[in-house]
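Please open the structure in your viewer and keep the sequence beside it, so that each selection can be followed in both. The stops below are meant to be taken in order.

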Amino acid sequence: MLIERPAWFVLAERWWRASVPYLSRHSLSVGCSPDGQLIVRCSDAAHGTALRLGALKITDRLNAQRPPGVPEISTVRVVQPPPVPDEVHAHWADLVGADLAEDVRPNYLTDWGQQLTTEARSAEARDLLARRAPVVLARLRALLPDTPIARLRLSSLRPVRVLIASSPQFTDREGLERTLMDVWFDASQTEGPEHPLFLTHAGETEADQMVETWVTDINDTTPLTSLRVRTYLLPPSLRQTDSAQHQENDRLADGPYDLCVEFAAHEGEHLPLAELARKCGVNTWQHLEESPQPRSAPSR
């Protein structure tokens, strides 16, 4: 991707801060593309996701507040935060100890690459890494003397990841909410109540909006839960010629996910996202609108 800095770009930093005051504390405009996209780098993946989801509204706000001499932008494009160095992955067991290497894994960098976040399989593994943090950081600096990583963030527990595939004709809100409650209960019983539940959906159907509403209601009524929703937009059909889009679909369906929940409007309906998940070996639950209870569907 070609990033340019035309003469007007000296105004971009102040313009960006004035237009998106909250997100600007966690992001930085770094240039623009030849087709008029404003390129922004975020301090971490979470704020990058928030910026991508709000790109349309943010673009309108930026264009409405343009300083004199600044052209309209076509959209905001988020540049991924710096990845965890390959050396960290390759020497992880040496850094944290062989007894802990499989139970806590490096996740991503935050705070402009200065903080390493990790994901733990259990609270015990998370707490053990916290106690070893000074030793781990010393080993990391010895391995990578020029690394900007200065802190280890307290590990998040491994989330239970659930992919939602839904029919455009699905309208059974009561059945959807009952199924999601069953998924949440099973996850709490299997992994433990501290493990967050991540629901990913395509953001295209009425059922996808029902999922968002259910999560909002759960978080409002039980604020101590760790329920989260991540939204991705997918094309409605797999019959595409764009190989890059095929790869994006495959990446999304592959997750990795613990479960795919399929909300179908009728027997025999084939949902592209669910089919991708099955091909990736993801276990699938199917809820038919005519059925009062979800039933287990073959994962292949």
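This is a predicted model: local features need pLDDT of at least 70, side-chain atom pairs count only at pLDDT 80 or more; totals for chains, interfaces and linings use all residues.

Residues are numbered from 1 along each chain as its sequence is written, and side-chain values use heavy atoms, with hydrogens and water left out.

Begin with Ser29, which lies in strand S1 (residues 27-32); helices (H or I, at least four residues) and strands (E, at least two) are DSSP runs, numbered from the N terminus. Ser29 is buried, because its relative accessible area is 6%, where buried means under 20%, exposed over 50% and partly exposed in between (1.4 Å probe, protein chains only). If you show its surroundings and leave aside neighbours within four places in sequence, Ser29 is in contact with Phe9, Ala12, Glu13, Trp16, Leu38, Ile39 and Val40, contact meaning heavy atoms within 4.5 Å.

Next, select helix H3 (55-64). Which residues of H3 are buried? They are Ala55, Ile58, Thr59, Leu62 and Asn63, and they are on the same side of H3 because they cover an arc of only 130° around the axis, an arc taken from the directions from the helix axis to the C-beta atoms. These buried residues pack against helix H1 (12-19), strand S2 (37-42), helix H2 (45-53) and S3, whereas Leu56, Lys57 and Ala64, on the other side of H3, are exposed.

Now follow the chain to Glu72, in the loop between H3 and strand S3 (75-79). Glu72 counts as exposed because its relative accessibility is 54%, and, apart from neighbours within four places in sequence, Glu72 is in contact with Asn63 and Arg66. Select Leu38 as well: Glu72 and Leu38 are 34 residues apart in sequence and 9.7 Å apart in space, C-alpha to C-alpha.

Then move to helix H8 (residues 206-221), where Ala207, Asp208, Met210, Val211, Trp214, Val215 and Ile218 are buried. They lie on the same side of H8, because they cover an arc of only 155° around the axis.

Finish with Cys260, which counts as buried because its relative accessibility is 0%, and Cys280, which is partly exposed at 33%. The structure holds zero disulfides, a disulfide being a pair of cysteine sulfur atoms within 2.5 Å.
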